[in-house]
Every structure is written in structure tokens, then in C-alpha cells.
Amino acid sequence: MKLFRTLLGAAAVVLSAGSGLAEKITLHSDDGGLTLSGEPLGFDGTYLRLRTADGVLTVKMEGMACTGAACPDRSGFVPEIVLAGSADMATVLLPPLIESYARENGSSVSRDERGDALTYVFERAGLRHLRIALRPMTTQEGFEALLTEEADLVLASRPPLSAEVAAIEEAGHGDLSEVGRFRTLAWGGVVPIVSPALGVTTLDFRQLGAIRAGEVTSWEEVSGVGGGIDVHVAGSATGPMQFADLLLRSVTGEANSVSVERHQAAGDAVSAVVAAPGALGLVSWSEAGAAQALEIGGECGLSVPAAPAALRSGDYPLAVPYRLYLPQRRLAPDAAAFVDWLDSRAAERVVRRAGFADAGRDVVPMAQQGERLALAMREISGPDEIRLLQELLTQLDGAARMTPTFRFETGSADIGSAGREIASRLARAIDGGEITQARVLFVGFHDGREAAEDRDRLAAARAEAALIRVARAMDGAVPENVALEIASGGDALSVACPEAAWGRRLNRRVEVWLAPLE
């Protein structure tokens with residue numbers, strides 16, 4: 001509730017702004033037919049955002065005269081965008097992306113570090129044409145900065161909380177779940193680690209949640225190995241760790257109340273865990289170092305490592321998306337070009353070098369999915385299920401699974417905001433010729449526990465919803481060398497154990513498979 005009150009308080013400040021403290025300007029059209037007065041909120045070189053008595057207006061400045069000390073300088077204007085939020089993104093991920101974009105763009109770039117911001121200034125042919133300011137803080141503070149218009153874009157190492165979404169929308173900044181409001185730049189994950197001397201390689205997700213909640217305090221309760229469990233966590237309680245804690249809390253229903261030792265540096269947490277055979281650590285997936293990174297599994301025996309493909313697909317239970325949340329308003333052309341470039345193959349290479357999993361597409365052949373097939377065979381309970389599995393495997397013969405995966409709430413076929421972004425990415429890949437001479441098969445699944453009379457309908461409806469969204473993103477103009485198809489997989493080929501709610505959450509999905517076009 002504290003966060004909700006804080007955000008609503010910030011929203012109230014924004015909504016009541018312009019009460020006399022801000023500089024006001026007056027705009028007059030050249031023909032004298034229009035006069036507007038208000039507080040300038042931003043200028044992109046072409047359009048001015050103006051807070052007036054009638055609300056926020058966007059005005060094209062061509063043909064407009066401006067009076068007042070706060071009028072924008074149109075002659076020497078250099079667009080600037082402020083990106084605020086996740087310190088990992090602001091200090092580790094974005095700097096190499098910005099510098100690589102400058103090189104590809106034919107610009108020189110200089111750094112200006114003042115106060116809490118690092119500003120990159122782009123220059124081409126002796127003229128400055130873009131400034132990008134990075135302000136490292138927490139993801140929560142980044143959303144607050146968007147709310148109060150101290151930032152243009154948010155660097156988020158977790159999805160926004162419902163209170164943040166509501167407060168930002170109430171303040172007039174739109175719905176963060178709308179199409180185009182965010183870009184997934186990278187994937188990471190939180191991975192449990194132990195000392196190699198402990199001899200443990202897999203941990204049940206329910207047990208991990210119970211350890212974090214203080215319900216399980218001894219390794220004997222987990223693996224039969226004696227000794228108490230000391231928990232070490234790398235980094236702050238915000239961003240990825242906050243997201244991981246929310247997911248773990250959803251497993252047990254209990255607060256994460258166990259005392260933990262926090263380490264500012266991941267290396268310190270790893271060293272502490274390796275030196276103490278009874279310790280359990282939580283670190284970023286790429287920072288396990290000399291410790292044993294544990295796969296996360298469940299009662300059925302299916303386990304998932306924190307590998308790049310599992311992070312991109314969301315099959316890993318503690319996968320974390322690193323996203324850039326965009327403003328509702330338009331960006332200046334030079335700033336928009338930078339944001340668009342972040343979806344490129346060149347940007348993906350930079351993301352990998354920075355130690356993250358990029359947001360691109362992996363292709364996982366059927367031959368590498370033996371554990372899922374083995375589980376499907378073990379769980380078959382009758383001739384009908386054997387027939388359905390055989391039909392599915394026949395449809396998938398010669399195909400490989402792509403990592404983009406749509407996920408769904410119980411009883412729903414709504415692909416949600418994350419699914420809409422996946423659909424847009426797939427549409428661009430098809431439009432751009434990256435996917436060609438191929439059958440793109442959308443395979444829908446239910447979780448095996450949804451209402452019996454709705455299960456088959458839901459699996460098919462989910463696949464259809466994903467296909468329709470991809471086709472709609474291409475305005476229905478699917479190339480002749482690509483075929484979009486749907487199939488229903490029932491509850492076969494589970495990616496997580498279906499006995500637990502967290503496993504069912506992952507199993508309600510549409511997978512995207514790629515096969516040669518016959």
C-alpha cells in the first residue's frame with residue numbers, strides 16, 4: 001500500500017501542476033485563427049506538448065509564433081531523451097548499445113557525466129543531433145520518474161506492478177500494456193546456487209519458495225543432506241530480485257520472511273556460497289561463477305536450467321524480462337530511430353556481449369526435447385491420449401520450436417501485452433524475410449486442470465488468437481512463401497510439472513514451431 005500511496009501522491013502533483021509555478025507561453029498561428037496558452041512539457045523539433053486549461057495538447061509548431069521565456073529554441077534544437085530506472089540496464093546494458101548505435105549511425109558520441117545522469121551527445125558533420133541521458137536508479141523509481149515527467153522512457157528489470165500501471169494511467173500517461181508501449185531488450189533470470197560440495201543439482205520450485213519463506217530451514221528436508229540453510233542474495237531487493245520474490249511468494253502464499261545476507265556484488269554472494277556447503281544463493285543467471293547453478297523442477301521430474309533458450313521462451317520459472325517502456329507521446333525522429341534500432345540483429349549481438357540473453361529467436365529441434373517427450377509418454381493414460389500425442393508429433397515432424405512463446409491466464413485465450421509484442425516481432429521477421437519458405441505452426445495448449453469441457457476449445461482458441469494477431473500485425477498480407485497454421489496440443493509436451501500452480505501457469509501457452517514449406 002505504501003507504493004500505491006506514493007504513486008498516487010505523485011500523480012496528484014502531476015495533475016495539479018501548472019497552478020502558477022510553471023513558466024507559461026502563448027502560441028499564435030500565423031493566420032491569427034488560433035491562440036493557445038499553457039505550460040510547455042516537451043518539444044521534439046516539430047511538435048510541442050503543451051499543458052493547457054483543457055488538458056495536454058500536441059501542437060505542430062510550423063506556422064506558429066511563440067511568446068514567453070519558456071518558448072523552445074527551434075533554430076538550435078537538439079532532441080534529448082531521458083531513460084531512468086534499473087541500474088543494471090543504465091550502467092551495463094544501455095551504454096554499449098548507445099555506443100554501437102552511434103557507430104552504425106555514422107555519428108561520433110561523447111559522454112558527459114554530471115550528477116546522477118550520464119549523457120551521451122551524438123554529433124554528425126559537426127552538428128549535434130541527439131542527446132540520450134541515462135539515470136540509474138531502481139525500476140520503481142523509474143516508473144515514478146515517468147509519472148512525474150522527469151523521464152521519457154523507463155528502464156525496467158521487472159514488469160510494472162498493478163499499482164504502478166493504475167497510477168500512470170490515472171495521471172494521463174496512458175496504459176502501459178497497450179501495443180507499442182514497451183520493447184523487450186533482453187532476458188535474464190534469477191538462479192539458485194549452492195556449493196558444488198553439497199552435491200545438489202536440482203531444486204523443486206515449491207521448495208525454493210518454502211526456503212525463501214522460512215518454512216524449510218534444513219537441507220535434510222530438501223535432499224536428505226543434513227545442515228541448516230543460510231540464504232545469500234546478490235543485489236538490492238528491487239528489480240529482478242523483487243520480481244523473483246513475488247513469483248516465489250505466489251508459490252507458497254507466504255511472505256518471504258527468512259533472514260537473508262545481502263551482497264552488493266554478485267561475486268561476493270558466490271564466494272560466500274561456495275565457502276559454505278550449507279548456503280543457498282540467489283544471483284543473476286550469468287553470474288553463478290564457481291558455484292553450482294541449480295535447475296528448477298517439480299514433482300514430475302521435469303527440470304529447466306537457466307539457459308538462454310529457456311529464458312527467451314519464459315519456460316524458466318524465474319526468467320526476467322528487461323524492458324524499455326515508452327511514453328504515450330511521439331518521440332523526435334532521431335530518438336525514435338534509436339529505439340527502433342534496439343530491435344535489430346546488431347543490437348542483439350551487443351546485448352549478448354553485455355552478459356544478457358538477447359530478445360531474439362532461438363530454434364530448438366525436436367531432438368533436444370527428449371525430457372518433455374519422456375514426460376508425455378509417462379503421463380499417457382489411455383488410447384485417446386496416445387492417438388492425440390501421435391497426431392501432434394506427426395504435425396511436428398521435421399519442425400523445430402522457436403523460443404517466442406505466448407502465455408495465458410486460466411480459462412483465457414487473451415494473449416495479453418507480452419503476447420502482442422511477440423506477435424509484432426514475428427510479423428516483422430516474416431515481413432523482413434527472416435522467416436521464409438516455412439510453415440509457421442501455432443500450437444495451443446491447456447494446463448490439464450482447466451474446466452474439462454473447455455480444455456480442447458481453449459487450446460485451439462489460444463493458437464488461433466496468436467495466429468490472428470500475427471496476421472493482423474502484417475495487415476493480413478502474409479507472403480506466399482510462408483504458411484500460418486494452427487494445431488492443438490492438449491496438455492502434451494508440458495514445459496513444467498502440471499501438479500503445481502506455477503507449472504500450470506507455464507503450461508498454458510502457444511508454442512511457435514517452424515517447418516519447411518512443402
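The axes of helix α3 (residues 139-147) and helix α4 (residues 162-170) come within 10 Å and cross at roughly 10°. Everything described here belongs to a predicted model, in which local features need pLDDT of at least 70, side-chain atom pairs count only at pLDDT 80 or more, and totals for chains, interfaces and linings use all residues. Residues are numbered from 1 along each chain as its sequence is written, and side-chain values use heavy atoms, with hydrogens and water left out.

Helices (H or I, at least four residues) and strands (E, at least two) are DSSP runs, numbered from the N terminus. Axes are lines fitted to C-alpha atoms, for helices over the stretch in contact, and angles run from 0 to 180 degrees between N-to-C directions. Angles under 35 degrees count as roughly parallel, over 145 as roughly antiparallel, 65 to 115 as roughly perpendicular and the rest as oblique. The helices α3 and α4 are therefore roughly parallel to each other. Contact (heavy atoms within 4.5 Å) joins Gln140, Phe143, Leu146 and Leu147 of α3 to Glu164, Ala167 and Ile168 of α4. These residues divide into five nonpolar, one polar and one charged; Ala, Val, Leu, Ile, Met, Phe, Trp, Tyr, Cys and Pro count as nonpolar, Asp, Glu, Lys and Arg as charged, and the others, Gly among them, as polar.

The axes of α5 (residues 205-213) and α7 (residues 240-252) come within 8 Å and cross at roughly 105°, which makes α5 roughly perpendicular to α7. On the α5 side, Phe205, Arg206, Leu208, Gly209, Ala210, Arg212 and Ala213 meet Asp245, Leu248, Val251 and Thr252 of α7. The contact of α5 with α7 has six nonpolar, two polar and three charged residues.

Aromatic rings were examined next. Rings of Phe, Tyr and Trp (its six-membered ring) pair if their centres lie within 6.5 Å; planes under 30 degrees apart count as stacked, over 60 as edge-to-face and the rest as tilted. By this rule the count comes to eight aromatic pairs. In one of them, the rings of Phe43 and Phe77 have their centres 4.8 Å apart and their planes at 65°, so the pair is edge-to-face. Phe43 lies in strand β2 and Phe77 in the loop between β5 (64-67) and β6, so the pair ties together parts that are 34 residues apart in sequence.

Finally, Ser412 is found in the loop between β22 (400-407) and α14 (416-431). Leaving aside neighbours within four places in sequence, Ser412 is in contact with Leu458 and Arg462. The C-alpha atoms of Ser412 and Arg462 are separated by 7.9 Å, although the two residues are 50 residues apart along the chain.
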